[in-house]
Amino acid sequence: MAGRINDDDVKAVRDAVPIDAVVSEYLQLRNAGGGNLKGLCPFHDEKSPSFHVSPAKGLYHCFGCQEGGDVVDFIMKLDHLSFAETIERLASQAGITLRYEEGGYAPGRQQGERTRLVEAHKAAAQFYAEQLDGPEAEIGRRFLADRGFDQAAARHFGVGYSPAGWDHLTRFLRGRGFSDKELILSGLSQDGRRGPIDRFRGRLMWPIRDIAGEVVGFGARKLRDDDNGPKYLNTPETPLYRKSQVLYGIDLAKKEIAKTNRAVVVEGYTDVMACHLAGITSAIATCGTSFGEGHIKILRRLLMDNSGSEVVFTFDGDAAGQKAALRAFEDDQKFAAQTSIAITPGGMDPCDLRLAKGDAAVADLVESRTPLFEFALRQVVARHNLDTAVGRAAALDEAAPIVANIKNSSIQHESAVQLAGMLGILDTQFVVRRVGQLARWARERGRDGHNGQDPSRTGRRAAQQAPDAAQQPPGPRGPALNLRSPAHRVERELLKLALQRPDLVSPAFDAYGADEFTAPPYATVRRCIEDAGGTLSAAGDNTYLARVREAAPDDTVRSLVTELAVEPLHTRRDPDEAYAGVQLVAVRLAAVNSRVTEIRGALQRLGPNADPQHLASVQNELWVLQQYGQSLRERGYAAL
């Protein structure tokens with residue numbers, strides 16, 4: 001049985017790893033005000049950023065899909081890891097040695113499956129890189145040199161060599177304590193007649209890393225004529241490696257992509273190397289598969305769906321390259337970014353181009369790009385006989401939807417005019433109207449939830465624009481609440497202050513009862529704060545928020561606590577005691593007014609025949625509350 005990680009070590013890991021640094025490994029974050037950051041949510045598709053991160057509190061929350069938590073929750077949910085695996089990964093990044101209870105420290109036996117597979121790949125990458133310096137790897141070094149890559153380039157990209165024997169890596173990893181089962185599961189070994197053997201033998205090796213920089217697979221290039229395998233052999237699908245969800249070079253390119261708002265998509269490992277060495281450090285490539293949905297999601301999170309960002313595809317000018325370009329154009333609408341294409345001259349890929357004409361030629365290739373829709377238009381029009389009316393009509397039918405899908409409306413109109421000229425149609429306005437009609441239909445389908453769009457997207461956008469509105473999706477989150485009502489909105493603001501700036505509302509807040517919060521979810525959060533020791537206990541204690549979240553009775557309440565701890569306050573200035581006092585008074589006054597209404601109703605029900613003593617008692621309570629309410633209205637915070 002795996003040992004339990006020491007609680008103090010878990011706390012040390014949480015404290016040592018900044019949440020913004022971890023989240024930034026997966027998506028681009030921008031300033032959201034109030035010390036918070038925001039970006040596109042990695043847990044659901046969205047067009048505008050609703051994913052907020054609070055570095056000071058160590059929490060994140062998405063106001064679109066309601067996912068939230070701390071740095072451990074983020075890694076667990078996004079990478080589908082267990083709690084232990086997540087702590088182990090973060091501890092490794094922070095340089096913290098973990099202690100395991102119930103059996104002592106034995107990480108080789110106790111670490112989670114994914115962590116073990118990652119460590120096996122890390123060890124394999126080191127093994128392959130060391131082999132590249134050996135005599136047998138001369139053929140691999142020559143392959144790299146012939147393509148313009150020296151030893152420094154090989155080290156930068158971690159390129160290595162897999163020995164030609166049957167089980168060199170397998171025996172090496174066994175010596176590191178990895179079991180045969182782990183080696184087979186990782187894809188580094190495969191079943192042989194007498195046990196596991198190396199999957200990759202006698203090949204040049206490229207480590208494939210995920211966006212966080214961990215090696216999750218390998219790409220292997222054939223070097224010898226007697227190798228009967230494919231030219232390129234990749235790691236099979238494993239718990240770590242999904243070729244539709246990894247981009248080669250993304251670990252090296254992600255910062256430049258986020259900085260320049262541009263990604264360059266090439267076709268192979270050597271093309272990525274050539275581009276980076278030529279100064280195009282935003283280059284990435286797919287790993288033996290076409291560019292698809294999973295790859296788009298990775299880039300969108302880095303580009304922030306900025307309409308000024310750009311994705312540049314490079315393809316050979318041959319038929320296969322043109323087909324790949326048209327396939328990429330089919331996904332154009334999934335980007336807010338502009339998409340462009342750079343066609344390599346003479347059928348050369350970026351690696352060949354750099355070798356033949358130097359680094360400047362690679363940079364010029366990217367700069368000479370043209371919008372992908374223009375390329376698609378030319379390819380479509382070229383398939384038709386424009387000398388006949390039938391051919392021109394068929395070309396218009398196929399090309400008009402392409403123009404209608406252009407995101408920029410001014411470019412759309414200009415391209416419609418250009419299309420009329422390309423087709424030889426003298427009535428330019430006819431083509432413009434045709435394109436405009438198709439564009440309107442597309443927008444209407446989008447509004448109606450057709451064309452693959454989620455019908456709830458409109459409501460989700462509204463929730464993103466107004467975080468204080470009712471956001472809870474269907475499910476066990478309680479009845480829908482109108483959180484825009486003055487009472488609920490003020491209650492929400494006071495709870496946000498109690499979680500984000502407890503120093504401003506303490507100790508007055510701690511005297512408030514849960515019954516003073518009229519929205520049941522807010523009353524529950526108030527009890528969580530009380531169970532965690534109240535706002536007074538937060539002074540000088542950085543575990544306050546963690547204690548409140550731990551006091552939550554279930555995940556739904558815990559999510560609401562996180563949401564309130566991250567959501568910006570409704571003040572343009574830094575909150576101060578005066579602002580906090582307004583919220584405290586408003587909540588207390590609402591509770592007093594509510595009780596006054598209840599007592600008046602009770603008096604009416606008592607009637608003229610009521611017991612005089614009881615009647616006097618109720619009337620006295622009413623008078624006291626009315627006086628207190630008047631004092632709150634006149635003196636504000638001083639009357640609390």
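Asn261 is buried, with a relative accessible area of 17% (buried means under 20% relative accessible area, exposed over 50%, and partly exposed in between, with a 1.4 Å probe and protein chains only). The structure is a predicted model, in which local features need pLDDT of at least 70, side-chain atom pairs count only at pLDDT 80 or more, and totals for chains, interfaces and linings use all residues. Residues are numbered from 1 along each chain as its sequence is written, and side-chain values use heavy atoms, with hydrogens and water left out. Helices (H or I, at least four residues) and strands (E, at least two) are DSSP runs, numbered from the N terminus.

**Positive phi and a cis bond**

- Asn261 sits in the loop between helix 11 and strand 14, and its phi is near 60°, a positive value in a residue other than glycine.
- Gln66 is a residue other than glycine that also has a positive phi, near 75°.
- The loop between strand 5 and strand 6 holds Gln66, which is buried, with a relative accessible area of 3%.
- Ser506 and Pro507 are joined by a cis peptide bond, with omega about 5°.
- Pro507 belongs to the loop between helix 23 (502-505) and helix 24 (520-531).

- Helix 13 (residues 293-303) is mostly covered, with nine of its eleven residues buried.
- The buried residues are Gly294, His295, Ile296, Ile298, Leu299, Arg300, Arg301, Leu302 and Leu303.
- Their cover includes helix 11 (250-260), strand 14 (262-266), strand 15 (283-285) and strand 16 (310-316), where contact means heavy atoms within 4.5 Å.

- Strand 4 (residues 51-54) and strand 5 run antiparallel and are joined by four bridges (two strands pair if DSSP finds at least two bridges between them).
- His52 has His61 in strand 5 as its bridge partner.
- The hairpin of strand 4 and strand 5 has four residues between the strands, and Gly58 there takes a positive phi near 70°.
- From strand 5 (residues 59-62), Leu59 and His61 point one way while Tyr60 and Cys62 point the other way, and all are buried.
- Strand 5 also pairs with strand 6 (residues 68-70), in the antiparallel sense, over three bridges.
- In strand 6, Gly68 is the bridge partner of His61.
- Five residues lie between the strands in the hairpin of strand 5 and strand 6.

**Strands 9 and 10**

- Strand 9 (residues 189-192) and strand 10 (residues 195-198) run antiparallel, joined by four bridges.
- Ser189 is bridged to Asp198 in strand 10.
- The two strands form a hairpin with two residues between them.

**Helices 27 and 28**

- Two packed helices are described by the angle between their axes and the distance between the axes.
- Helix 27 (residues 577-606) and helix 28 (residues 612-635) have axes that come within 9 Å and cross at roughly 155°.
- Axes are lines fitted to C-alpha atoms, for helices over the stretch in contact, and angles run from 0 to 180 degrees between N-to-C directions.
- Helix 27 and helix 28 are therefore roughly antiparallel to each other (angles under 35 degrees count as roughly parallel, over 145 as roughly antiparallel, 65 to 115 as roughly perpendicular and the rest as oblique).
- Residues that meet across this pair include Val585, Leu589 and Val592 in helix 27, and Leu615, Val618 and Leu622 in helix 28.
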